[in-house]
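User: I am new to this structure and would like a guided look at it. Could we begin with the helices and then move on?

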Amino acid sequence: RWQHVDASMQSANTDTSNEVRSIIEQLHGCILPQEIWENEIFRRRIYKYQPQNLRMLAARGDVVSIGHSSGKISWLFRGEGNIFLSDVSDELLASLSKTAREVYVLLQHRGALFLSDLREMSHLTLSALNKALAELFWNSLITNDVVDEVLNVKRYKITIAEDALPDERIELLRPRENPLRRGAMRSVRTAFRDAPGWNGRWSIVHQAHIVGNTIPLEEKAYTQAQQLLARYGIVAREIAKRETNLLPWSVLAMQLQKMEMRGEIRRGYFVNGLSGMQFALPEAYELLRTTQRDQLHDAIAVLNACDPANPYG
């Protein structure tokens with residue numbers, strides 16, 4: 001009910017654009033498998049979910065999809081990426097294949113580019129370019145403004161020979177330069193525009209308009225604690241451990257205790273089976289009491305095991 005999976009908590013409004021935004025606000029920064037976001041998350045929470053509303057938010061740049069090394073993705077709001085993302089480290093860039101580094105540098109200098117532009121500028125084969133884009137996407141380095149592209153990015157497994165140098169992890173096949181190549185590319189763009197990978201522009205994630213300004217550690221911890229409360233209503237150590245991109249629980253708990261002392265949230269033992277240090281939003285506590293009083297034991301909800309509304313995994 002807190003995450004609006006229960007039908008009684010869903011709006012009957014046919015215009016679902018606001019509902020999509022509110023779901024992302026609650027699940028902001030939550031890392032889930034890419035294949036469950038639309039069918040298991042949005043459709044379960046929004047009455048008559050309309051996919052075009054999510055695509056409109058992404059096309060306007062209001063929300064951004066981020067890939068993670070676990071093969072899962074998260075949604076972030078424009079300018080708030082620093083809440084959940086770390087800075088790009090030299091170690092990460094050094095671990096990339098030569099192809100991926102070449103594409104990354106190209107996007108850094110040229111800005112957002114379509115796949116056809118990337119292919120012309122890099123002179124890479126389509127296979128090598130797709131692998132490079134996938135490698136960069138799953139390392140949280142680039143994103144695409146078309147939802148269908150980020151939901152269909154393949155997870156390439158990079159095999160490394162024992163005697164291979166770091167720059168040889170992906171084989172590059174550079175075709176001979178053909179003077180007719182540019183004309184040929186223009187003639188086939190129309191045929192390829194609906195194929196996976198040819199829609200939308202690829203761009204660097206760590207830009208000011210996506211990640212925002214650098215924030216102090218205390219502010220980051222406070223914002224993450226607020227996000228956990230918005231997501232689950234009631235937060236304990238076991239709840240925080242479900243998230244993979246948060247600060248340590250000891251840091252978050254300190255912020256939650258400060259919020260409790262200011263009277264913003266409540267502290268108590270609300271749910272059996274969770275550790276003793278539990279924090280709850282007042283409205284979540286009231287919903288918990290109402291649910292217990294009404295004894296809704298006959299209400300059955302089928303949830304994906306990865307759904308954050310499923311408390312048991």
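Analyst: Glu38 is buried, with a relative accessible area of 14%; buried means under 20%, exposed over 50%, and partly exposed in between (1.4 Å probe, protein chains only). This is a predicted model, in which local features need pLDDT of at least 70, side-chain atom pairs count only at pLDDT 80 or more, and totals for chains, interfaces and linings use all residues. Residues are numbered from 1 along each chain as its sequence is written, and side-chain values use heavy atoms, with hydrogens and water left out.

User: Which residues of helix α2 are buried?

Analyst: In helix α2 (residues 37-45), they are Trp37, Glu38, Ile41, Phe42 and Arg45. Seen down the axis of α2, these residues fall within an arc of 110°, so they line one face of the helix. The arc is that of the directions from the helix axis to the C-beta atoms. Helices (H or I, at least four residues) and strands (E, at least two) are DSSP runs, numbered from the N terminus.

User: What do the buried residues of α2 pack against?

Analyst: They pack against α1 (17-26), β1 (32-33), α3 (51-59) and β3 (72-77), where contact means heavy atoms within 4.5 Å.

User: And which residue forms a salt bridge with Glu38?

Analyst: Arg55 does, with the closest N and O atoms 2.8 Å apart. The pair links distant parts of the chain, Arg55 in helix α3 and Glu38 in helix α2, 17 residues apart. A salt bridge is a side-chain nitrogen of Lys or Arg within 4 Å of a carboxyl oxygen of Asp or Glu.

User: How many salt bridges are there by that rule?

Analyst: The count comes to eleven. One of them joins Arg21 and Asp62, whose closest N and O atoms are 3.2 Å apart. Here Arg21 lies in helix α1 and Asp62 in the loop between α3 and β2 (63-67), 41 residues apart. Arg21, Arg60 and Asp62 are linked in a network of salt bridges.

User: Is Arg21 buried or partly exposed?

Analyst: Arg21 counts as partly exposed, at 28% relative accessibility.

User: What about Arg44: which residue does Arg44 form a salt bridge with?

Analyst: Its partner is Glu40, with the closest N and O atoms 3.4 Å apart. Arg44 and Glu40 are four residues apart in helix α2, so about one helical turn separates them. Arg44 is partly exposed, at 32% relative accessibility.
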